[in-house]
Amino acid sequence: MISEYSKEKEKLLTNYDENCRQFFIKKGYPLEYGYCQILEDNLDEAKRIFNELKDIDIRAHWALFMISLIEGDVREYPTYFELRNFLEIDLNILIHYYKGDFVEKIVRYADFMFSINPEVYKFIGRVFYNNNLFEQAKFFLKRAKSYFYNDPELHYLLAYIFYSIKDYTRARIATNDCLAILPKYYPAVAMSEAISAKGF
């Protein structure tokens, strides 16, 4: 049976409302309440909450860093694992709730974050890909490919984007690159068949 907390956490990720915020306050979930404050543009209150938690909760430490990117006042470094575990999830949340200005400010620090975790370009590219922001996704996935050429997923994601915009020639090239690295990568095999059906 799904717990009440799980239901409210899922609501925070997909369909946030006042009842969700009240649940986290009443039941004593300050981290989640801090994220509610971000979604409501109350960054000072979010920082206050996360500062109280940062020494005991790695997610709170990350959230403080993310806010520092939004505010353009970076004073600490995130860890490799914070970027790996939280960047993609939180960018997706912000895009879902139309916080494009926050996303833009965070992404401006992509090169800085890349210096800590070289997979950052892939994380950002995948978020844009998953939200059908293909031009932005292409930019970051191509940068990621420059460093992780042997990652088949990067080639497949690019192939999918090219296929979606009907650039079948480039989709074929990206698919072939993917299959050269991992011949039985099923998404690329299916993509190859779809491209062949288009005559390419």
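This is a predicted model: local features need pLDDT of at least 70, side-chain atom pairs count only at pLDDT 80 or more; totals for chains, interfaces and linings use all residues.

Visitor: How many helices and strands does the protein chain have?
Guide: There are 13 helices and zero strands in the protein chain, where helices (H or I, at least four residues) and strands (E, at least two) are DSSP runs, numbered from the N terminus.

Visitor: Why does C36 count as buried?
Guide: Buried means under 20% relative accessible area, exposed over 50%, and partly exposed in between, with a 1.4 Å probe and protein chains only. C36 has 0% relative accessibility, and therefore it counts as buried; C178, at 0% relative accessibility, counts as buried too. Across the protein chain, buried residues make up 46% of the 200 residues.

Visitor: How do you know that C36 is in no disulfide?
Guide: A disulfide is a pair of cysteine sulfur atoms within 2.5 Å. A search of the whole structure finds zero disulfides, and for C36 the nearest cysteine sulfur, that of C20, is 4.9 Å away.

Visitor: What makes a set of residues a nonpolar core?
Guide: The name is given to a set of buried Ala, Val, Leu, Ile, Met, Phe, Trp, Tyr and Cys residues joined through side-chain atoms within 4.5 Å. The largest such core here has 67 residues, and Y35, I38, F50, L87, I106 and I124 touch the most other members. Helix 5 (residues 58-71) gives the largest share of this core, nine residues.

Visitor: Which residues are in contact with I38, leaving aside its neighbours within four places in sequence?
Guide: Contact means heavy atoms within 4.5 Å, and I38 is in contact with L43, A46, F50, M66, I67, L94, K99 and F102.

Visitor: What makes a space a pocket or a cavity?
Guide: On a 1 Å grid over the protein atoms alone, a cavity is a set of points where a 1.4 Å probe fits but cannot get out, whereas a pocket is an open set with protein on both sides within 12 Å along at least five of seven lines, and lining residues have an atom within 4 Å of a point. Grid points are joined across faces, edges and corners, and a volume is the space filled by probe spheres set on the points.

Visitor: What lies along the largest pocket?
Guide: Its lining includes K47, N51, K54, H61 and E71, and the space in this pocket is about 260 Å³. The largest share of the lining, six residues, comes from helix 5. Ala, Val, Leu, Ile, Met, Phe, Trp, Tyr, Cys and Pro count as nonpolar, Asp, Glu, Lys and Arg as charged, and the others, Gly among them, as polar; by class, this lining has three nonpolar, three polar and six charged residues.

Visitor: Which residues line the largest cavity?
Guide: The residues are Y35, I38, L39, M66, D90, I93 and L94, and about 30 Å³ of space lies in this cavity. Helix 3 and helix 6 each supply at least two residues of the lining, which by class has six nonpolar, no polar and one charged residues.

Methods: Residues are numbered from 1 along each chain as its sequence is written. Side-chain values use heavy atoms; hydrogens and water are left out.
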